[in-house]
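Dear colleague,

Please find the structure below, handed over for your records. My notes on the contact between its domains follow.

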Amino acid sequence: MKLYGYWRSSAAYRVRIVLHLKKLAFESIPVHLVKNGGEQHSEDYVELNPTHLVPSFVDGQFVLNQSLAIMDYLDEKYPENAIYPKNLEDKMHVKALAYDVACEIHPVNNLRVQQYLVKQLGVSEEQKLGWSHHWMSLGFTAIEKKLAKTSGLYCFGDNITLADICLVPQVYNALRFNLDMKPFPLITAIVERCNQHPAFIDALPENQADAN
C-alpha cells in the first residue's frame with residue numbers, strides 16, 4: 001500500500017491515523033503542496049489523481065482518492081480495530097460528526113481556498129485568518145454541543161471512531177491558526193486523549209519524513 005500525501009494535509013493526516021490504528025504497513029510518498037508551484041499539479045500526479053489534491057491511496061492496482069472513501073475502504077477490508085460502532089444508528093451518528101468536520105469545516109479552510117482568497121480576491125493576511133477563524137469557530141460550536149450528548153472518553157462513547165480521526169487534524173489546524181480553543185472544552189479534552197495514543201502520535205505531521 002502507498003499513501004501519497006503532504007505532512008500537514010488534514011486529509012492525509014486522517015488516513016495515516018487509520019493506517020496506524022489498524023497496524024497496516026504502507027509506503028508514504030510525499031507530495032509537497034507548496035514547493036515547485038505545488039507538486040500536486042505535476043503531470044504524473046494529476047494522472048494518478050485528477051483533482052490535484054492529496055491524499056491518493058494505492059493498494060496494488062486499486063487507486064482511490066478522497067480521505068473519507070479511503071478510510072471506509074480500509075475499515076471494510078481490514079475490520080480489526082474498527083472505526084465505527086456496530087449498531088447502525090450509532091454508526092450514522094459517528095459519520096455525521098465526522099462529516100461535520102470533513103465536509104463543513106475543512107473544505108473552506110484548505111490550502112487552495114486560502115490561496116484563492118489571497119491571489120484572486122486580494123484579501124489581506126488578517127482577513128484570511130479571520131475567514132479561517134469564522135468557519136472553524138462556527139463548526140466547532142456545533143460539534144461541542146453534539147459532544148455534550150455523545151461523548152465519553154472520545155467523541156462517541158469510550159472507543160476511538162472516525163469522528164475522532166477527523167476531529168484531531170482539524171484541531172491541529174485550528175491551533176496552527178491560533179484559534180482560541182477555550183470555548184470548546186470537550187473537543188480539547190478528547191483531542192488531548194487521542195494524542196496520547198500511539199497511532200495518533202505516529203500520524204502526527206511533525207513525525208513525518210517530509211515534515212519541514
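A salt bridge is taken here as a side-chain nitrogen of Lys or Arg within 4 Å of a carboxyl oxygen of Asp or Glu. By that rule, K95 forms a salt bridge with D72, with 3.3 Å between the closest N and O atoms. The count between domain 1 and domain 2 is one salt bridge.

This is a predicted model, in which local features need pLDDT of at least 70 and side-chain atom pairs count only at pLDDT 80 or more, while totals for chains, interfaces and linings use all residues. Residues are numbered from 1 along each chain as its sequence is written, and side-chain values use heavy atoms, with hydrogens and water left out.

The protein is divided into domain 1 (2-81) and domain 2 (88-199), with bounds from an automatic or database domain assignment. Their centres, taken over C-alpha atoms, are 20 Å apart.

In the interface, 16 residues of domain 1 are in contact with 19 residues of domain 2 (heavy atoms within 4.5 Å). The two domains bury about 1,600 Å² between them, 68% of it on carbon and sulfur atoms; buried area is the accessible area (1.4 Å probe) that two parts lose on being put together, summed over both. In domain 1, the residues that lose the most area to domain 2 are Y13, R14 and L68, together 33% of what that side buries.
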